[in-house]
Amino acid sequence: GATFVRLMGMLGKSKRPDLAPVLLQKMVEDKCPPSVELYTSLVSVYTRSNLLDKAFVVYEDMKHQVGCEPDVWTYSILIGACCESCMFDKAQELLAEMEQYGLQPNTVTYNTLINQYGRLGMFSHMEQVFEDMERKSQCPPDIWTWNSILKSYGVKGRTDKMESWFDKLCSSGMEPDVVTFNTLIKAYGRHGLYAKMQAVVAYMHKFLYPVDVVTYNLMIDAYGKAGRVVQMEEVFKRMKLRGVKPN
RNA sequence: CGCAUCUGAUUUCA
């Protein structure tokens with residue numbers, strides 16, 4: 001069972017929805033009973049290839065499969081796919097529907113919404129979702145939530161908002177992680193705020209946060225795109241001095 | 001160095 005789920009996941013990541021029916025057939029031949037996980041991985045195979053119609057066919061099937069009814073994970077995937085296609089009304093419908101079935105959206109469900117609203121610069125919607133998360137108890141914001149918000153403001157050049165949300169993150173008691181810092185670095189680098197970019201790295205070193213290959217790659221990329229080859233090479237040197245292997 | 005590992009969902013267009 002777990003093997004089929006894993007294989008289905010591979011089909012999703014490699015964008016091969018054409019092979020999903022073949023795998024299902026094989027599963028039936030092996031008399032392997034289906035599971036929520038398997039069905040959900042199948043939904044994911046289709047959403048990853050933007051085949052929403054097929055994903056929804058599977059979703060409707062699941063409703064009639066005893067023991068394989070859609071769960072929070074299934075809904076999170078479908079809601080994310082709807083948002084990605086800007087079908088926000090459909091996403092809201094699904095949210096209402098899952099609650100009808102007694103399923104409460106969790107942190108990931110909301111993170112998906114935050115990420116998608118943020119990606120499109122729909123900041124008031126994004127912040128509204130964040131407020132919902134804080135108000136409810138079953139979906140507390142996690143570091144992914146914060147990082148998504150920081151990233152959304154960062155890529156749109158709203159580094160002022162990014163900074164105030166970073167402060168808010170720190171005072172919330174949540175620990176930033178390497179993705180948090182890489183998100184800040186990427187935003188500063190993209191918008192030419194090199195001093196702030198360097199300040200983030202200095203902060204990471206000062207407070208002993210691990211720096212990774214992504215951290216350095218982002219800085220090399222920023223300097224490279226700006227034609228600042230001297231600084232770029234300097235970063236590359238420091239990277240090797242720190243024992244971080246270039247990839 | 002190679003192999004293995006890398007969860008059915010979200011930050012990862014590094």
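**Entry 1: K90.** I began with K90, which is partly exposed at a relative accessible area of 28%. My cut-offs are buried under 20%, exposed over 50%, and partly exposed in between, with a 1.4 Å probe and protein chains only. I am reading a predicted model, where local features need pLDDT of at least 70, side-chain atom pairs count only at pLDDT 80 or more, and totals for chains, interfaces and linings use all residues. I number residues from 1 along each chain as its sequence is written, letter chains from A and number ligands from 1 in the order in which they are written, and take side-chain values from heavy atoms, with hydrogens and water left out.

I place K90 in helix 6, residues 88–100. Helices here are DSSP runs of H or I with at least four residues, strands are E runs of at least two, and both are numbered from the N terminus. I looked for contacts, meaning heavy atoms within 4.5 Å. Beyond its neighbours within four places in sequence, K90 meets F56 and C82. I also checked K90 against N111: the two are 21 residues apart along the chain, with 17 Å between their C-alpha atoms.

**Entry 2: the whole chain.** I counted 14 helices and zero strands in chain A. Its C-alpha trace spans about 60 × 40 × 30 Å along the principal axes. Of the 247 residues, 43% count as buried. I then turned to contacts with a separation of 6 or more: 58% of them join residues 24 or more positions apart.

For the surface I used the Shrake-Rupley method with a 1.4 Å probe; for residues, only the protein chains shown count as cover. The accessible surface of chain A is about 13,400 Å², and carbon and sulfur atoms hold 56% of that.

**Entry 3: buried positions.** I looked at A81 in helix 5, residues 72–84. A81 is buried at 8% relative accessible area. Its contacts, not counting residues up to four places away in sequence, are T47 and L52. A81 and A96 are 15 residues apart along the chain, and their C-alpha atoms are 16 Å apart.

What surrounds N147, beyond its neighbours within four places in sequence? I found D177, V179, T180 and T183 in contact with N147. N147 belongs to helix 9, residues 143–155, and is buried at 7%.

T215 sits in helix 13, residues 213–225. I noted a relative accessible area of 0% for T215, so it is buried. With neighbours within four places left aside, T215 contacts V178, N182, I185 and M204.

**Entry 4: two loop lysines.** I checked backbone angles in the loops. K15 has a positive phi of about 55° and is not a glycine. K31 is in the loop between helix 2 and helix 3 (36–48), and is exposed at 72%.

**Entry 5: salt bridges.** My rule asks for a side-chain nitrogen of Lys or Arg within 4 Å of a carboxyl oxygen of Asp or Glu. I get 10 salt bridges by this rule.

K196 pairs with E163, the closest N and O atoms lying 2.8 Å apart. This pair links distant parts of the chain: K196 is in helix 12 (residues 194–206) and E163 in helix 10 (residues 159–171), 33 residues apart. Both partners are partly exposed, K196 at 38% and E163 at 24%.

D221 and K225 form another salt bridge, with 3.0 Å between the closest N and O atoms. Why are D221 and K225 separated by about one helical turn? Because they are four residues apart in helix 13. D221 is partly exposed at 37%, whereas K225 is exposed at 71%.

K26 bridges to D30 at 3.7 Å between the closest N and O atoms. I read K26 as partly exposed at 42% and D30 as partly exposed at 41%. I also noted a network of salt bridges that links E60, K63 and E97.

**Entry 6: charge.** I treated Lys and Arg as positive and Asp and Glu as negative, with His and the chain ends not counted. I placed each charge at NZ of Lys, CZ of Arg, CG of Asp or CD of Glu. Chain A has 29 positive and 28 negative charges, and their mean positions are 9 Å apart.

Which residues form a positive surface patch? I found R119, K151, K156, K186 and R190. Patch members need over 30% relative accessible area and no salt bridge; like charges are joined within 9 Å, and nonpolar side chains (Val, Leu, Ile, Met, Phe, Trp, Tyr) within 5 Å. I followed up K186, which lies in helix 11, residues 178–190. K186 is partly exposed at 37%.
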